[in-house]
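Q: Please take a close look at one helix-helix contact in this model. Start with the overall setting, then go through the packing.

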Amino acid sequence: CRRAIGPCWGFNPKTMKWIYTALVRPTITYAAMTWINGLYKQQNLAKLKSVQRLANILITGALPSSPGEPLNMITNMNPIDLCIEEEAALGLLRLKSNNQWINEPMTNQKGNLTTHTKKKKVPTATLR
């Protein structure tokens, strides 16, 4: 990916920003409402920030040793963790407004993930 773009060849910065904001970031934030708790683990957040930092380096043409936060300011992008939290909140609001949100606790006393206790019955087709 890094070799596809250079100072004299490849996409211009506007196209690279579009590719990141229209293709890469929606792929990362897909179904964020279901995995938002995993975002707060430091190792997961570091991986997501490295993806955004790489995109910012490709957009700006900055040196690989450039820090990520100033690159976010230069490209006028929010940090990836805020984007994921925003997508999760929008998904929650969309489900609640359509009365599709089912509030079931997903953790036990220790905070570990458990399986659903309620199972919805799925209609099955009968074969004759």
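A: First, the setting. This is a predicted model. The protein chain exposes about 10300 Å². Carbon and sulfur atoms supply 58% of that area. The chain has 128 residues, and 24% of them count as buried. It holds 5 helices and 0 strands. From the N terminus on, the order is α-α-α-α-α. Take the contacts between residues at least 6 apart in sequence: 50% of them join residues at least 24 apart.

Now the pair. Helix 3 covers residues 42–60, and helix 4 covers residues 68–75. Their axes come within 9 Å. They cross at roughly 50 degrees. That angle lies between the 35 degrees under which axes count as roughly parallel and the 65 degrees where roughly perpendicular begins. Helix 3 and helix 4 are therefore oblique to each other. The crossing of the two is left-handed.

Next, the residues that make the contact. Helix 3 contributes Lys-49, Gln-52, Arg-53, Asn-56, Ile-57, Ile-59 and Thr-60. Helix 4 contributes Gly-68, Glu-69, Leu-71, Asn-72, Ile-74 and Thr-75. By class, this contact has 4 nonpolar, 6 polar and 3 charged residues. Ile and Leu count as nonpolar, Lys, Arg and Glu as charged, and Gly as polar.

Notes: Residues numbered from 1 in each chain as written. Predicted model: local features only at pLDDT ≥ 70, side-chain atom pairs only at ≥ 80, totals over all residues. Heavy atoms only, no water. Helix = DSSP H or I, 4+ residues; strand = E, 2+ residues; numbered from the N terminus. Buried < 20%, exposed > 50% of the residue type's maximum accessible area, 1.4 Å probe, protein only. Contact = heavy atoms within 4.5 Å. Areas by Shrake-Rupley, 256 points an atom, 1.4 Å probe, with all protein chains shown as cover. Axes fitted to C-alpha atoms, helices over the stretch in contact; angles between N-to-C directions. Parallel < 35°, antiparallel > 145°, perpendicular 65-115°, else oblique. Left-handed = near helix turned anticlockwise from the far one by under 90°.
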